[in-house]
Amino acid sequence: TQITPENVKALKVAWTYRTGDLSAPGEVKNLAFEATPILANDTLYLCSPRNRIAALDPQTGKQKWMRDLRPDTNGATVIVCRGVSYWKDSLKPADAFCAQRIFAGTIDGKMWALDANSGKPCPDFGTGGMVNLQADLGHVEKPGLYGVSSAPTVVGDKVITGSKIIDFHNVDMPGGVVRALDARTGAVVWAFTAAPPSLPPGDGKTYPRSAPNVWAPMSVDVARKLIFLPTGTPQIDAVIGKDDWDYYGSSVVALNTETGQPVWHYQFVHKDIWDYDTPAQPLLFD
């Protein structure tokens, strides 16, 4: 209410923070700043396109800490990070190390857990604070072909993440598996692959290849225990392949947050050879 049509013209920039990310000399990759900062623990948290994770004072913009996750961008055609996520461990004192965590996915398919107060990796999550999401995906030609661009979704004590898979590269690509990780240990709680129901869903170690991926942000209905996935298309978009291969493509898929089992799905584009995807986070409203 302090801002009115009469005084809005007098607003001035309070502060500016620069991530320091620049394209390397001669680099033709698309570097894009698309992060939406989050406010938690009296701090603004954000990521740069090259996965530098920063914690800022929201009042002054002063950097509290920065952790460069140094992803391997080999093979990446788009270098982008859309955000990070925050989780508080209800079993630890609030001031304990890694009782408050920032989860960050990287261009080369890693999921990191960082202490929200210091930016140091949480050693009990995965291996030294990191889970390699490329594990169990089979052949990945280059690191940048499979990665994470959107912030993971936190549901209770689970961190749920999809992935981006470079389009129009190869018919045989990793499957677009969505995995729920234990927020404390990084262990896989459940996994969902958007392959047609006629195929085996995967056994936690192998997943159907080239199935639609979920690169955009997901949203949750906590009361109904549903998470909504906006899906992309199978690989390659212009060669859909078998009749039912795009069963979950360009859709919103609702999963049970406890089990990862599909509850319903709605498809926007059938046989999506145009690569429309479902690029927006689904919103729940009355």
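Visitor: Which residues is Ser 251 in contact with, leaving aside its neighbours within four places in sequence?

Guide: Happy to start there. In this predicted model, Ser 251 touches Leu 229, Pro 230, Thr 231, His 265, Tyr 266, Gln 267, Phe 268 and Thr 278, once its neighbours within four places in sequence are set aside.

Visitor: And is Ser 251 buried or exposed?

Guide: The word "buried" is used for a relative accessible area under 20%. Ser 251 has 0%, so it counts as buried.

Visitor: In which strand is Ser 251 found?

Guide: Look at strand E19, residues 251-256, which holds Ser 251.

Visitor: How should I read the sheet with E19 in it? What is the order of its strands?

Guide: The general idea comes first: strands of a sheet pair through backbone hydrogen bonds, and the pairing is either parallel or antiparallel. Here, the order is E17-E18-E19-E20, an open sheet of four strands with antiparallel pairing. At its edges you will find strand E17 (219-221) and strand E20 (262-267), each of which pairs on one side only. From one strand to the next, the twist averages 20°.

Visitor: How many bridges join E17 to E18?

Guide: Three bridges link E17 to strand E18 (residues 226-230), and the two run antiparallel. To trace one of them on the model, go to Ser 219, whose bridge partner in E18 is Phe 228.

Visitor: What does the radius of gyration tell me about the protein chain?

Guide: You compare it with the value for a compact globule. For 286 residues that value is near 19 Å, and the protein chain has 19 Å, so the two agree. The C-alpha trace spans about 55 × 45 × 45 Å along its principal axes.

Visitor: What share of the residues counts as buried?

Guide: Of the 286 residues, 49% count as buried. As for the surface, the protein chain exposes about 14000 Å², with carbon and sulfur atoms supplying 56% of it.

Methods: Residues are numbered from 1 along each chain as its sequence is written. This is a predicted model: local features need pLDDT of at least 70, side-chain atom pairs count only at pLDDT 80 or more; totals for chains, interfaces and linings use all residues. Side-chain values use heavy atoms; hydrogens and water are left out. Two strands pair if DSSP finds at least two bridges between them. Axes are lines fitted to C-alpha atoms, for helices over the stretch in contact, and angles run from 0 to 180 degrees between N-to-C directions. Buried means under 20% relative accessible area, exposed over 50%, partly exposed in between (1.4 Å probe, protein chains only). Contact means heavy atoms within 4.5 Å. The radius of gyration is taken over C-alpha atoms; the globule rule is 2.2 Å times the number of residues to the power 0.38. Accessible areas come from the Shrake-Rupley method with a 1.4 Å probe; for residues, only the protein chains shown count as cover.
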